Amino acid sequence: MRVVVIGASGSVGSTVVEAIKGRHELIRAGLRSGDIQVDVEKIDSIRAMYERVGRIDAMVVAVGHGHFGPAHEMTGELWMKGILHKALPQINVVLEGISCINDRGSFTLTSGILNRDPIAGCASAASANGAIDGFVLGAAADMPRGIRINAVSPGLLENSVDRYEGKFPGHEPVSSRRVGLAYCKSIEGVLTGKTIIVD
């Protein structure tokens, strides 16, 4: 299969690359790195990426960020950061790419643990994760030509513990191997409309 991984050099994307390399034709994409560059926050950039890569069998999106801070100090603008910088870009990759995915191909988006097991200051990020999971559930019913769509929702990755030092009290980190396997399940399996949880 021809598989594009957006965010291939990131903490989540690198687990996908490690899990599928050698079995598929892998196209790494990123804002400044990889085989092709794409800014998923810009529709024109997403369209240019699809024009360049041509027909593909699977698209994985492992990028996005949001605002972290107490809800009582948040503004609507800050809350929207999770939507505008995580949920909407991933959704746009799907909407712009349906015609570029081969029959019975797949999309795999990335949400996360915070909308089911929150930490302090995560309301924006939790909302974005919930939006992604909800989109996947609803969009699966409308996908043409047997195209599948899922999300992977990992807990705190082992390779991200230092980055989020002290912010996830009591959370047991999940291994990169298990996260990579969840993406394999979405890419190579038969599920659709599912959020694949890795805790």
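Analyst: Helix H1 (residues 13–20) is mostly covered, with six of its eight residues buried. Buried here means under 20% relative accessible area, exposed means over 50%, and partly exposed lies in between, using a 1.4 Å probe and protein chains only. This is a predicted model, in which local features need pLDDT of at least 70 and side-chain atom pairs count only at pLDDT 80 or more, while totals for chains, interfaces and linings use all residues. Residues are numbered from 1 along each chain as its sequence is written, and side-chain values use heavy atoms, with hydrogens and water left out. Helices (H or I, at least four residues) and strands (E, at least two) are DSSP runs, numbered from the N terminus.

The buried residues of H1 are Gly 13, Thr 15, Val 16, Val 17, Ala 19 and Ile 20. Their cover includes E1, E2, E4 and H5; contact, here and below, means heavy atoms within 4.5 Å. Just after the helix, Gly 22 takes a positive phi of about 95°.

Two strands pair if DSSP finds at least two bridges between them. Strands of a sheet pair through backbone hydrogen bonds, either parallel or antiparallel. E2 (residues 25–30) runs parallel to E3 and is joined to it by two bridges; Ala 29 has Ile 36 as its bridge partner in E3.

In H2, Ser 45 counts as buried because its relative accessibility is 19%. Its side chain reaches the backbone nitrogen of Asp 39 at 2.8 Å. The cut-off for such a polar contact is a pair of N or O atoms within 3.5 Å; within protein, one must be able to donate a hydrogen and the other to accept it, and residues adjacent in sequence count only if both atoms are side-chain atoms. Apart from neighbours within four places in sequence, Ser 45 is in contact with Val 38 and Asp 39.

The largest nonpolar core has 33 residues, and those with the most contacts inside it are Ile 6, Met 49, Tyr 50, Met 59 and Ile 149. Elements giving two or more residues to this core are E1, E2, H2, E4, H3, E5, helix H4 (123–139) and E6. A second, separate core of 22 residues includes Leu 157, Tyr 183, Cys 184 and Ile 187. A nonpolar core is a set of buried Ala, Val, Leu, Ile, Met, Phe, Trp, Tyr and Cys residues joined through side-chain atoms within 4.5 Å. Leaving aside neighbours within four places in sequence, Tyr 50 is in contact with Ile 56, Met 59, Val 93, Glu 96, Gly 97, Cys 100 and Phe 107.

His 171 is buried, with a relative accessible area of 16%. Not counting residues up to four places away in sequence, His 171 touches Ile 113, Asp 117 and Ile 119.

A search of the whole structure finds one aromatic pair. Tyr 164 and Phe 168 form it edge-to-face, at 5.7 Å centre to centre with 75° between the planes. Rings of Phe, Tyr and Trp (its six-membered ring) pair if their centres lie within 6.5 Å; planes under 30 degrees apart count as stacked, over 60 as edge-to-face and the rest as tilted. Tyr 164 is partly exposed at 23% relative accessibility, whereas Phe 168 is buried at 13%.

Positive phi also occurs outside glycine. Arg 104 has phi near 65°; Arg 104 lies in strand E5 and is exposed at 63%. Arg 145 has a positive phi of about 55°; Arg 145 lies in the loop between H4 and E6 and is partly exposed at 34%.
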